[in-house]
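Hello,

Here is the structure I promised to pass on. My notes follow directly below it.

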Amino acid sequence: MTTVTEAPPEPPAEAGKPAARRRPRGRFVPYWLLLPGILWLVVFFALPMLYQASTSVQTGSLTEGYEVTWHFATYWDAIGEYWPQFLRSVQYAGTATVLCLLLGYPLAYLIAFKAGRWRSLVLILVIAPFFTSFLIRTLAWKTILADGGPVVGALNTLHVLDVTSWLGMTEGDRVLATPLAVVCGLTYNFLPFMVLPLYTSLERIDPRLHEAAGDLYARPFTTFRKVTFRLSMPGVVSGTLLTFIPASGDYINSQLLGSTNEKMIGNVIQSQFLTVLDYPTAAALSFILMAAILLIVTFYIRRSGTEDLV
Amino acid sequence: MTDQSINDTVPGGAVRLSGISKTYGSYQAVQPLELTVPQGSFFALLGASGCGKTTTLRMIAGLEEPTTGTVHLGDQDVTGLPPYKRPVNTVFQSYALFPHLDIQENVAFGLRRRGIKSVKKQVGEMLELVQLTEHAQKKPHQLSGGQQQRVAVARALINHPKVLLLDEPLGALDLKLRRQMQLELKRIQTEVGITFVHVTHDQEEAMTMADQVAVMNAGAVEQLGAPTELYENPGTTFVANFLGTSNLIEAEITGSSGDDLVLKAGDGKLALPTTRCRAATATGGKLLLGIRPEKITLTHADDAGTVPDGRNRITGRITATSFIGVSTQYVIDSPVADGLEVYAQNIERDTRLAPGAEVVLHWNPAHGFGLDAAQDIDAGLTDGSDGADEGAA
Amino acid sequence: MRWLRRNLVVIAGVLTLAFLILPNIVVLIFSFNRPKGRFNYAWQEFSTDAWKDPCGVADLCGSLSLSLQIAIWSTIGATVLGTMIAFALARYRFRARGAVSSLIFLPMAMPEVVMAASLLTLFLNMGAQLGFWTILIAHIMFCLSFVVTAVKARVLSMDPRLEEAAKDLYASPLQTFLRVTLPIAAPGIAAGALLAFALSFDDFIITNFNAGSTVTFPMYVWGSAQRGTPVQINVIGTAMFAVAVICVLAGMLIGNRRRKQAL
């Protein structure tokens, strides 16, 4: 604990390096500030992860109790039995993320550059749904996508359902209780998490850059590709992560809008934990999900070269 | 190194720094320096960014603890005191006005912290001094840059500090407002009689406002003195180049005649009064002969005969001219040195003085100054990042 | 055609916005429905019955008040703890900085179901009684990181010279904090608190795992999706939406007027 010093407040131009001098008083201030919150996270976030890791290699039964036996076979069994749900989670979450990006980008662009004096109002409309319980809103999709309803009818007339059923997303004239309904629900639920980071990074772009690009003979679409989109990359990266991560672990949309054929890995973990009460399998599954997400996120962040998300 | 000026002429002084230095890790921001700021003076610390001037100021304010040395305010040693116990106040770069308080409360902040209840009269008087009475209820962001600047001054001055510290206070203003605020600050200083220590990188600002200027470079004071003294008789190449423009000519001492040194530069013979030479004057030694551009007169080579005797003269050819209204600036290559600059008042313009013209440059030897030739001839050139690089080195 | 091409972005954006708001409109319309049977998914006839008697279904308002209590307490807890961490991260250098930052980041980068399941494992191992307290603990845990992020951003954007100026003007460290730092950081802290409130109030997954037999409002809605959805759910959903929009609009109006008055 020798390097504790107050962060030099806005080092004067000449202060190239941090002060290394000790300051006897206030040396422990940051630790006192951190202590309660970090303790909370250690006890209720990190420690449970360890418990879960240990649970996943236990054997036994609910009545006789569990014991750590380093039974790694649970992992192989879990993957062997539930790989379709894993795969489905990645597919659904991936599709929903791409849809969020495609839908969210124009909206974010609209707010950042075109909305003018309507900007605050549009922003409120993006955020306001947060204040109605998302379960209620998800249930509303049951009404919207109801069999024989106007939306399904329109999609049918426009032959959209032919395309989606060719893609294996729908069956016959139904939308509800198909993969399309689940993906639609996921897209809807996590769209604001895409729009807000996109908007934040678009808003920072100096509009003069557009003019400069135009001045340098870039056509509008080229301007967008070479300038705007590049500069909004931080928003794209954090938006996709904020969408993909929760979507891949979600079980609400598939439960409310899908059938038993659309179960995702979240549904499995939930039922193993709360209904089947097979704790080792549930713990192993949730550990695999966590590891998979961390791997994907790390790889993705490395590839896109934006490491300062926090 | 040349002029760690111990200003002993004014005993005591408002601020006395002795042996003060600041080190960040292995980087020495301020070398041990001695400095006395005379009571009631307008004192400027001048230097490029990274020269240690702001760190020095912050050590006086108590925002930075010196690595070695002591800070005295009057007779009181304040080295160990935190900023809120020191009788000095600061006008910060970009002002640091409290955005959540109105102008009135910003100005009253210091008084209130010292437990003074009835602040209204004092605040009113202070706002009057800086001519902001009608803006008392506004928030800082509603004022213009110049007005914010005056609030910052008022907020500091209301506490009647022993010394007022100003950290690049005019840096954020445009040129015209800057000129106006320079006069304004000078007026306020004269009116209240408090010692001002002003940090700036703008040599014109320092010369206009200050009674005393300390030129800093690479964490040390290069030279200290009154503005005219610094300008007319710079002690180092850094000061010569940083304060205004200087032509520096490499020359060899060939002897002396009377009170003058006789120099040889190229194939020309030049004179320099011994009293104006800061370098060793032994015959055979080298030195840099400096001459300010406005002290040189240009005469077309055809009229070379009209140049009076007793003046230093060298020949050259004009390579560029630029007309800037009051004067014309010429760049001249000569066998003695390339790129010599000459500023001529536009009183009677000689139309023959155009690029390509052969000319004679001549000046009164007493206007020259001699510097040690061992120095970097380009030290302190302000165009480019020279100054900053030196500071960081 | 040219008009279409030029306004393509605007049209696409407006359509997305419609997609976002459509469910809220459906919730509003169906709050005036008189459904046949237990589920309120198909339109039958207009009625204001549910609006006249929002608490008319058993346990609904009880779960709502429980959710509000939990949201308030976890907002307070997460805001206090999170603000402290944010100040430590933004204002001090200390060892293990990287580890602390990761510990803050990880809960946000973790699917809820993973945190929910592991926390339940801990509670089961400790033999804790699931209910109000376990929900509160869980909510403070996952709201904390969001508060830290919001407050830290604000503190970092604050000019450190303001605090130096306060010290220079005779404010002791405590006075500096109370008179300058805290008021200036307040918008960030408020944003963090608001976020924590919304997250806690609306949380289902983590609550579902760690609530035992306690029923919060989202859990009530979830249960009703199985048993039958009373119209009152739509009433409450619509009312929440309206209150939120009105609050935000009022805040904006006041802000605008203040700005205008000042000029």
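Residues 70-90 of chain C are 100% helix and 0% strand, and their end C-alpha atoms lie 29 Å apart. Helices here are DSSP runs of H or I with at least four residues, strands are runs of E with at least two, and both are numbered from the N terminus. The model is predicted: local features need pLDDT of at least 70, side-chain atom pairs count only at pLDDT 80 or more, and totals for chains, interfaces and linings use all residues. Residues are numbered from 1 along each chain as its sequence is written, while chains are lettered from A and ligands numbered from 1 in the order in which they are written.

The span 70-90 comes from UniProt. An unreviewed entry there lists "transmembrane region" for residues 7-32, 70-90, 102-124, 130-151, 177-199 and 231-254 of chain C. Positions are in the numbering used here, feature names are shortened, and annotations may be inferred rather than shown by experiment. Residues 7-32 of chain C are 88% helix and 0% strand, with 37 Å between the end C-alpha atoms.

Next, the contact of chain C with chain A. It takes 76 residues from chain C and 79 from chain A. (Contact: C-beta atoms, placed from the backbone, within 7 Å.) Helix α2 (residues 8-30) of chain C gives the most to the chain C side, with 15 residues. By class, that side has 56 nonpolar, 12 polar and 8 charged residues. Nonpolar means Ala, Val, Leu, Ile, Met, Phe, Trp, Tyr, Cys and Pro; charged means Asp, Glu, Lys and Arg; the others, Gly among them, are polar.

Chain B also touches chain C: 19 residues of chain B are in contact with 17 of chain C. On the chain B side, β6 (88-91) and α2 (103-113) each supply at least two residues. α2(B) gives the most, with 3 residues. The classes on this side are 9 nonpolar, 5 polar and 5 charged.

Last, strand β3 (residues 42-46) of chain B. 5 of its 5 residues are buried, so the strand is largely enclosed by the rest of the structure. (Buried: 20 or more other C-beta atoms, placed from the backbone, within 10 Å of the residue's own.) Phe42(B), Ala44(B) and Leu46(B) point one way from β3(B), and Phe43(B) and Leu45(B) the other. β3(B) runs parallel to β8 (residues 195-200) of chain B, joined by 5 bridges. There, Ala44(B) has His198(B) as its bridge partner. β3(B) also runs parallel to β9 (residues 212-217) of chain B, with 4 bridges. Phe43(B) stands opposite Gln212(B) in β9(B). Pairing requires at least two DSSP bridges between two strands.

Best wishes

Note on methods:
Two residues are in contact if their C-beta atoms, placed from the backbone, lie within 7 Å. A residue is buried if 20 or more other C-beta atoms lie within 10 Å of its own, exposed if 12 or fewer, and partly exposed in between; C-beta atoms are placed from the backbone.
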